Amino acid sequence: MSEVVLKQVKKRFGPIETIHGVDLNIRDGEFCVFVGPSGCGKSTLLRLIAGLEDISDGELSIGDEVVNDKAPKDRGVAMVFQSYALYPHMTVYENMAFGLDLAKRTKDEQRERVMAAARVLQLEELLDRKPKELSGGQRQRVAIGRAIVRKPKVFLFDEPLSNLDAGLRVQMRIELTKLHEKLKSTMIYVTHDQVEAMTMADKIVVLRAGSVEQVGTPLELYHHPQNQFVAGFIGSPKMNFVPAVVIEVSQQTVTVKLDSGKEVTLPVDGSGLDAGDRVTVGIRPEHCSLADQDTALLSGTVEVVEHLGEAGLVYVQAGGDELFVARVTGDTAIVTGSSIGIHARVEDCYLFDQNGQARRRLDVDNEPLRAQLATG
Amino acid sequence: MNRNVKSLMMKAGFYLLVAAIVIFAVFPFYYAILTAFETGSALFDVNYLPESFSFSNYLSVFEGQPFGRNIFNSIFVSVMVVALSLLMGVTASYALARVKFAGRGLLLVTILSVSMFPQVAVLSGMFELIRAVGLYNSMFGLAISYMMLTLPFTVWILTAFMRELPRELEEAAVMDGASPWTVITRVFLPVMWPAMVTTGLLAFIMAWNEFLFALTFTLTNEQRTVPVAIALISGASQFEMPWGNIMAASVIVTVPLIVLVLIFQRRIVSGLTAGAVKG
């Protein structure tokens, strides 16, 4: 068993605390992604698990063992770095065998393990090359191979794809997912790219300023973000936030008045809210549709239109500080300067209270998620 | 003026300047080679082309004093200085570049400031030290005193180079189970060859040419290194300066340096510029 459990883990650099008591439970075989904006502490957290940084306070266990005071090599973890960090003077084979050699494994065992890893990663042809003779994707595979040969209980990835170009990144993403299916090891993956997080993760941990904001499956985070930060971070383009005032509260609904003057009734948990409270309505760009200006939730002037091909993004000045983004069909005829109305179904809207905490949404029509919530 | 003429003149001027610099740099050594092949009163005739070709000076250098032994001494001391400097330089630079500890910056500055003292200033103190530990008139005493001259720049160059090595490289090795010593010997050293060759060669040249310590800390002919031996070559009488022998000796001891530099020159260049630009 190789679950990773963090209990109130803290990290201080001198007097400055950068990780503020993280509790986390990563199950055996899980693909867990740490995601957050730069400086949120996700890499530090990974380095604490790796043993490259000392834990200031709290407890970290891998398997059933507390490993706070163990050296990295004794923790049963292997790490893949952003810059690959291959040994430049060694061939691919030597790079992969280095750890085994240090662990005093026999030459036969080294060869056997390196060959097995090379087969999995299609590196057999490249074993005699030096890192400088490899492409970025190949280097990344060698770095992964170096981790695999050590048969670690836990794989740690520190933004491994961010040095690759866009096409290769998508390809490596799929390869990593397949690798996880094949090895069934616990993997912890750090990225700032929420698309990588959404596509690969079994479990996403959203971090901000050294604290965990929310832990959940990709769909949980998408449909039930706990607060405005997570809501804005998960999803691309990011969620629009529209200020509003509570008009009426019932058990199953909250009626709010948007700054545009429009009143809507949202199917969210209203407990604790009172009429007159300031709130924020969240609307994802992909849930927007075009509507007549008199029936629309919002209306405004189009400032920018971006054509992505399969869709178009329309940036509307709708009275707020930021432009409102709506995702429309790819062949949209909307032009800059025109006035449009935007509508969204009430069950697609999110509601956040004054402190940015989300109100529980009661009517999410997403079958896979419901099934997931029912079983899990 | 015509553009072609102008560019031609610019070119001519450029090559004239190059020629002047080359002559200034090479002529003294060239003249030493010429003189070394001459004997008798021909030594004192000024000539710029080879006129005679005699090896007698080269032979008599080895007859008048234990010059073979002196050359061996120089090689022994220089090699020992290079080996010690690199060993201590690499390990010190690992600590200075990679390990965080209080007073690191101060220590670096102190090491550098050692090289600011003129040799004469430390000469008498060093003499006492060398004698106290019983290394007077010994090549080990010389090698150890040379550390004072080579270590500051060795440590500085290697520290600067080591700082440029990506941190992740070291961390990858740590994850693979490497101890600091393994990191240095199996990961950093192979990557640092250019810097090691550069600093090693500089240390070698410094030790090979050093005069003041070598003169002061040795007593007998058998323990002298080449620069001192050459300076002390004496003629048949007090009034005779054996220029032929001196020149021949100088040529003999300069050639190994030139050969070394030619062998390693590519490495030196890449070592001196390494880290200046990323890549």
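## A residue on a chain A strand

A:A291 sits in strand 15 of chain A, which covers residues 288–291; helices (H or I, at least four residues) and strands (E, at least two) are DSSP runs, numbered from the N terminus. This is a predicted model, where local features need pLDDT of at least 70, side-chain atom pairs count only at pLDDT 80 or more, and totals for chains, interfaces and linings use all residues. Residues are numbered from 1 along each chain as its sequence is written, while chains are lettered from A and ligands numbered from 1 in the order in which they are written.

For burial, 20 or more other C-beta atoms within 10 Å of a residue's own make it buried, 12 or fewer make it exposed, and anything in between is partly exposed, with C-beta atoms placed from the backbone. Setting aside neighbours within four places in sequence, A:A291 is in contact with A:A296, A:G341, A:I342 and A:H343; contact here means C-beta atoms, placed from the backbone, within 7 Å. Take A:H343: it is 52 residues away from A:A291 in sequence, yet their C-alpha atoms are 5.8 Å apart.

## The nonpolar core

The largest nonpolar core has 155 residues. Such a core is a set of buried Ala, Val, Leu, Ile, Met, Phe, Trp, Tyr and Cys residues joined through C-beta atoms within 7 Å. Those with the most contacts inside this core are A:V33, A:I49, A:L156 and A:I188. Helix 6 of chain B (residues 139–164) gives the most to this core, with eleven residues.

What does A:I49 touch, not counting residues up to four places away in sequence? The partners of A:I49 are A:V4, A:L60, A:V77, A:L156 and A:I188.

## Chain B, all helix and no strand

Chain B comes to twelve helices and zero strands. The C-alpha atoms of chain B fill a box of roughly 75 × 70 × 35 Å along the principal axes. Of the 279 residues of chain B, 30% count as buried. Among its contacts with a separation of 6 or more, 77% are between residues 24 or more positions apart.

An unreviewed UniProt entry lists "transmembrane region" for several spans of chain B, including 106–127 and 183–208; the positions are in the numbering used here, feature names are shortened, and annotations may be inferred rather than shown by experiment. In the model, residues 106–127 of chain B are 82% helix and 0% strand, with end C-alpha atoms 28 Å apart. Residues 183–208 of chain B come out at 96% helix and 0% strand, and their end C-alpha atoms lie 32 Å apart.

## Two domains in chain B

The domain assignment gives chain B a domain 1 (3–44) and a domain 2 (65–273), with bounds that come from an automatic or database domain assignment. The C-alpha centres of domain 1 and domain 2 of chain B lie 32 Å apart. Their contact takes eight residues from domain 1 of chain B and seven residues from domain 2 of chain B.

Methods
Contact = placed C-beta atoms within 7 Å.
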